Amino acid sequence: HTMAQSTSETHYGSHWDRIYAKDSQRDEQENIKQFEWHCDLQQITTLLEAYQPLVSGDMLDVGCGSSAVAYDLVQKTASLTSLTLVDVAPDLLDHLTKLYASDDHVTVLKGDCRQLPFAPDSFGVILDKGTLDALYANEERTAMLTEVARLLASNGLFISISFASKQRLELFQHTLPKLKLHYHCHFLGNGDPSEGQEVRLAIVASHAPLPSYQPSELTSCLLQRVQRTGSFYDDDSSDDDSSQLPDLEELGSV
């Protein structure tokens with residue numbers, strides 16, 4: 001895929017502005033409502049506790065949507081100095097520009113996550129919360145991850161929260177080492193997805209070696225299950241070719 005062959009930035013912007021135009025996305029004053037994909041501030045804060053030495057500098061929320069998590073994280077974290085919010089939806093960007101107009105530490109910009117207008121090593125922390133999920137093809141997701149690696153400072157931290165799937169885990173496993181990013185895998189949720197509980201995949205990555213990895217009980221259970229059955233949701237062996245899955249130890253400590 002070249003950029004010209006990929007889904008256009010204009011298409012993505014129009015698609016999301018149509019979503020934000022719906023009554024369900026508007027408050028009584030017709031403003032776009034805050035909405036959090038996948039996880040809340042408390043879950044992000046808990047996830048980052050083990051990585052605090054790497055949480056510093058300027059922060060980028062790539063494909064920010066109407067989320068307030070990045071803003072709230074910068075407000076409560078003294079080591080984070082500024083926030084850049086990037087999205088492709090023009091009406092959303094107008095709303096965010098007005099919302100944060102009085103805060104000199106926040107910049108709102110129109111930008112395509114696959115080709116961003118920043119210099120290399122510009123950000124100490126980069127957050128993706130659902131943006132990889134919103135892209136239509138793995139080539140586009142790889143392009144975004146390549147941009148993240150370019151923009152991330154040498155001791156910076158990338159956090160990606162997405163739907164939990166074997167395919168998404170494999171995308172990270174195949175792509176991040178090529179980009180010279182060390183990474184840890186976590187799962188966020190309140191219980192086992194085989195029992196109907198929702199879980200999300202959280203990847204924490206850096207060009208620098210990461211602190212020691214202590215997976216939660218849920219994370220350990222799901223990594224073992226996907227290695228054994230090819231699925232996060234099914235404890236029975238599936239028809240998926242699990243021989244292509246990465247080694248369990250590799251997943252947790254790359």
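Me: Where is Asp121 found?
Reply: Asp121 is found in the loop between β3 and β4 (123-129); strands (E, at least two residues) and helices (H or I, at least four) are DSSP runs, numbered from the N terminus. This is a predicted model, in which local features need pLDDT of at least 70 and side-chain atom pairs count only at pLDDT 80 or more, while totals for chains, interfaces and linings use all residues. Residues are numbered from 1 along each chain as its sequence is written, and side-chain values use heavy atoms, with hydrogens and water left out.

Me: What is the phi of Asp121, and what is the phi of Lys180?
Reply: Asp121 has a positive phi of about 60 degrees although it is not a glycine, and Lys180, also a residue other than glycine, has a positive phi near 60 degrees. Most residues other than glycine have a negative phi. Lys180 is found in the loop between α7 and β6.

Me: Why does Lys180 count as exposed?
Reply: The relative accessibility of Lys180 is 65%, and exposed means over 50%, buried under 20% and partly exposed in between (relative accessible area, 1.4 Å probe, protein chains only); Lys180 therefore counts as exposed.

Me: Why is Arg200 called buried?
Reply: Arg200, which lies in strand β7 (residues 199-206), has a relative accessible area of 13% and therefore counts as buried. Not counting residues up to four places away in sequence, Arg200 touches His38, Ile161, Ser162, Phe163, Ala164, His186, Phe187 and Leu188, where contact means heavy atoms within 4.5 Å. Its C-alpha atom is separated by 6.5 Å from that of Gly189, 11 residues apart along the chain.

Me: What makes the pairing of the Arg200 and Glu198 side chains a polar contact?
Reply: The two side chains are 3.4 Å apart, and a polar contact is a pair of N or O atoms within 3.5 Å (within protein, one must be able to donate a hydrogen and the other to accept it, and residues adjacent in sequence count only if both atoms are side-chain atoms). The value of 3.4 Å therefore meets the distance criterion.

Me: Why is Asp192 called buried, and which residues does Asp192 contact?
Reply: Asp192 is placed in the loop between β6 (182-189) and β7, and its relative accessible area is 16%, so Asp192 is buried. Leaving aside neighbours within four places in sequence, Asp192 is in contact with Gln197, Leu218, Cys221 and Arg225. A polar atom of the Asp192 side chain lies 2.8 Å from the backbone nitrogen of Ser194.

Me: Why is Tyr100 called buried?
Reply: Tyr100 lies in the loop between α4 (90-99) and β3 (106-110), and with a relative accessible area of 9% it therefore counts as buried.

Me: Why are α6 and α7 called oblique to each other?
Reply: The axes of α6 (residues 138-151) and α7 (residues 166-175) come within 11 Å and cross at roughly 50 degrees; axes are lines fitted to C-alpha atoms, for helices over the stretch in contact, and angles run from 0 to 180 degrees between N-to-C directions. Angles under 35 degrees count as roughly parallel, over 145 as roughly antiparallel, 65 to 115 as roughly perpendicular and the rest as oblique, so α6 and α7 are oblique. Asn138, Arg141, Thr142 and Leu145 in α6 meet Arg168, Leu171, Phe172 and Thr175 in α7.

Me: How do you know that α7 is largely enclosed by the rest of the structure?
Reply: Eight of the 10 residues of α7 are buried, so α7 is largely enclosed; the buried residues are Lys166, Arg168, Leu169, Glu170, Leu171, Phe172, Gln173 and Thr175.

Me: Why are α2 and α3 called oblique to each other?
Reply: The axes of α2 (residues 41-48) and α3 (residues 69-76) come within 10 Å and cross at roughly 55 degrees, and α2 and α3 are therefore oblique. The contact is made by Leu41, Ile44, Thr45 and Leu48 of α2 and Val69, Asp72, Leu73 and Lys76 of α3.
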